Amino acid sequence: METINKEAALHSIVKESIIDLIKNGEYQTNTKLPTEAEFCKIYGVSRTTVRTALQQLNVEGYIYRVQGKGTFVSENKVKQFLTSTVEKFSEQVTMQGKNPSTKVISLKVIEANATLAKLFKQNIGDPVNKLERIRYVNDIPLQYEIAFLPWYKTPGLNIEACEKSLFKVLETQFNLKVKKTVEHLEFSLADDSISDKLDVPNGSPCFSLETYTYENDGSVIEFSKTLFRGDRAHFVIERNY
């Protein structure tokens, strides 16, 4: 048991050291990292310790491997700001020097179940818009989103408009002004469906974000659930006191 704990502590130290070197620019994006044997000499640890550290860094998106060529530093993760004063998805991504895009997978009208009916203050069976989208950064999928909106407030919602800012569509097309959002962030694992949409292995770590969007009168105008790739997303929360 003592050996296992020692190994766990060592690989954590190696892992955090490599992360620090990546963040401070010692290891630049897309540059090749030292080999496992070289890392063993650098840190004075076993190959098992180094391999465990590199495996975790790979899963967490800090590095990537190319068969026959070695291990390289991944691009910086995409920052997602959860404060009310910052720009939305496309603006945030553009500010980071990256190219955002959105693809609508599906837009259809469904019948409200008990949960949606209660949320939107409707009757069970009333029409609800169901929108599925994938958002990309530099053509790589970052997040998969399912959004629900009461049909009687958003009739005529169309795919072309939903490939841009949904909040802007609500304001300009339906005269619905968003007052606030309440968001719940949790850890999740990609199932078969999510792994296919986000192009990650089954069981990959993801962030799950549930969002309740309110208009001025206090009613919920949209409910969404978004799955972010855990290896590509980085959340920033700013608090002012």
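A polar contact is a pair of N or O atoms within 3.5 Å; within protein, one atom must be able to donate a hydrogen and the other to accept it. The model shown in these views is predicted.

**View 1. Ser219 and its polar contact with Lys153.**
The side chains of Ser219 and Lys153 are joined by a polar contact of 3.1 Å. Ser219 sits in the loop between S8 and strand S9 (220-229). Its relative accessible area is 16%. Ser219 is therefore buried, as the limit for that class is under 20%. Beyond neighbours within four places in sequence, Ser219 is in contact with Lys153, Thr213 and Tyr214.

**View 2. The second largest pocket.**
How much space lies in the second largest pocket? The value is about 410 Å³. The pocket is lined by 18 residues, and the closest to its centre are Lys23, Tyr62, Asn76, Lys77 and His234. Helix H1 (2-23), strand S8 (205-215) and strand S10 (233-236) each supply at least two lining residues. Which of the elements gives the most to the lining? That is S10, with 3 residues. By class, the lining of this pocket holds 7 nonpolar, 6 polar and 5 charged residues.

**View 3. The salt bridge between Glu36 and Arg47.**
The whole structure contains 8 salt bridges. One of them pairs Glu36 with Arg47, with the closest N and O atoms 3.9 Å apart. The pair links distant parts of the chain, 11 residues apart. Glu36 belongs to helix H2 (residues 36-43), and Arg47 to helix H3 (residues 47-59). Arg47 is partly exposed, at a relative accessible area of 41%.

**View 4. The salt bridge between Arg133 and Glu145.**
Here the closest N and O atoms of Arg133 and Glu145 are 2.8 Å apart. Are Arg133 and Glu145 buried or exposed? Both are buried.

Arg229 and Asp231 meet through their side chains in a salt bridge, at 2.9 Å from N to O. Arg229 is buried, and so is Asp231. In a separate panel, salt bridges that share partners join Glu36, Arg47 and Arg51 into one network.

**View 5. Ser106 in strand S4.**
Strand S4 (residues 100-111) holds Ser106. This serine is buried, with a relative accessible area of 18%. Which residues does Ser106 contact, leaving aside its neighbours within four places in sequence? They are Lys130, Leu131 and Glu132.

**View 6. Lys121 and its positive phi.**
Lys121 is not a glycine, yet its phi is positive, at about 55°. Lys121 is placed in the loop between helix H5 (114-120) and S5. With a relative accessibility of 70%, Lys121 counts as exposed.

**View 7. Asn175 and its positive phi.**
Asn175 also has a positive phi of about 55° without being a glycine. Where does Asn175 lie? The loop between helix H7 (166-174) and strand S7 (178-189) carries this residue. Asn175 is exposed, at a relative accessible area of 69%.

**View 8. Lys164 and Phe89.**
Lys164 lies in the loop between helix H6 (159-162) and H7. The relative accessible area of Lys164 is 58%, so this lysine is exposed. Lys164 and Phe89 are 75 residues apart along the chain. Their C-alpha atoms are separated by 9.8 Å.

**View 9. Lys15 in helix H1.**
Helix H1 contains Lys15. Is Lys15 buried or exposed? Lys15 is buried, with a relative accessible area of 11%. Lys15 and Ala53 are 38 residues apart in sequence. In space, the two are 4.9 Å apart, C-alpha to C-alpha. Ala53 is also among the contacts of Lys15 that remain once neighbours within four places in sequence are left aside.

Technical notes: Residues numbered from 1 in each chain as written. Predicted model: local features only at pLDDT ≥ 70, side-chain atom pairs only at ≥ 80, totals over all residues. Heavy atoms only, no water. 1 Å grid on protein atoms, 1.4 Å probe; cavity = no way out; pocket = protein on both sides within 12 Å on 5 of 7 lines; lining within 4 Å. Points joined across faces, edges and corners; volume = space filled by probe spheres on them. Helix = DSSP H or I, 4+ residues; strand = E, 2+ residues; numbered from the N terminus. Nonpolar A, V, L, I, M, F, W, Y, C, P; charged D, E, K, R; others polar. Buried < 20%, exposed > 50% of the residue type's maximum accessible area, 1.4 Å probe, protein only. Contact = heavy atoms within 4.5 Å. Salt bridge = Lys/Arg side-chain N within 4 Å of Asp/Glu carboxyl O.
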